[in-house]
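Subject: Handover of a structure and its findings

Dear colleague,

Please find below the sequence and structure that I am handing over to you. My findings follow directly after it.

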Amino acid sequence: MAIRYFIPPNSSYFYECKKCLIPFANLDDITSAEFTRRGIKSYQFSKVVNIKFGKIFDTNIRSKHYLIQNAYCSGCLTKVGWRYEFTFNDEEQHKEDMTIINKAYVIHHVDPNCKE
Ligand SMILES: [Zn+2]
């Protein structure tokens, strides 16, 4: 059975699951390409598609308190990262709803018809 998934609009260049090749985000949705936590290099996206989120739990990141959710590929259910659900620090509110995806689980897909 074919897997149904959502393709981001204007998706001439997007990031997708390394394992099942489902698209996660457009190039325009990346807010940091250099996010690192505990030595794991990741991308930070403002918008993602084809991601399922787990239960909300609280954690500390760089001594700041957050509620986060684990993020799973909706195609192959691999845990690919996590999302900032809520922050208890006013100066960190810009991080809410940002999704962090481990670089080890994504590849770039470039449409050969793209004229960039
Ligand atoms: Zn996948």
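Which residue in β2 does F14 stand opposite? F14 stands opposite N26.

Before the details, two remarks are in order. Residues are numbered from 1 along each chain as its sequence is written. This is a predicted model, in which local features need pLDDT of at least 70 and side-chain atom pairs count only at pLDDT 80 or more, whereas totals for chains, interfaces and linings use all residues.

The overall make-up

The chain contains nine strands and zero helices. Here strands (E, at least two residues) and helices (H or I, at least four residues) are DSSP runs, numbered from the N terminus. Of the 116 residues in the chain, 26% are buried. A residue is called buried if 20 or more other C-beta atoms lie within 10 Å of its own, exposed if 12 or fewer do, and partly exposed in between, with C-beta atoms placed from the backbone.

Strands β1 and β2

Four of the five residues of β1 are buried, so this strand is largely enclosed by the rest of the structure. β1 and β2 run antiparallel and are joined by three bridges; two strands pair if DSSP finds at least two bridges between them. Their hairpin has five residues between the strands, and L21 takes a positive phi near 65 degrees there.

Strands β5 and β6

β5 (residues 51–61) has eleven residues, of which one is buried, so β5 lies largely in the open. Nine bridges pair β5 with β6 in the antiparallel sense, and I68 in β6 is the bridge partner of F57. The hairpin of β5 and β6 has two residues between the strands, and R62 takes a positive phi near 50 degrees in it.

The nonpolar core

A nonpolar core is a set of buried Ala, Val, Leu, Ile, Met, Phe, Trp, Tyr and Cys residues joined through C-beta atoms within 7 Å. The largest one has 20 residues, and Y15, F24, A25, I101 and V106 have the most contacts inside it. At least two residues of this core come from each of β1 (13–17), β2 (23–26), β4 (40–45), β6 (64–73), β7 (79–87) and β8 (99–102). β6 gives the most, with four residues.

Leaving aside neighbours within four places in sequence, F24 is in contact with residues including Y15, V48, I51, I101 and V106. Two residues are in contact if their C-beta atoms, placed from the backbone, lie within 7 Å.

A colleague
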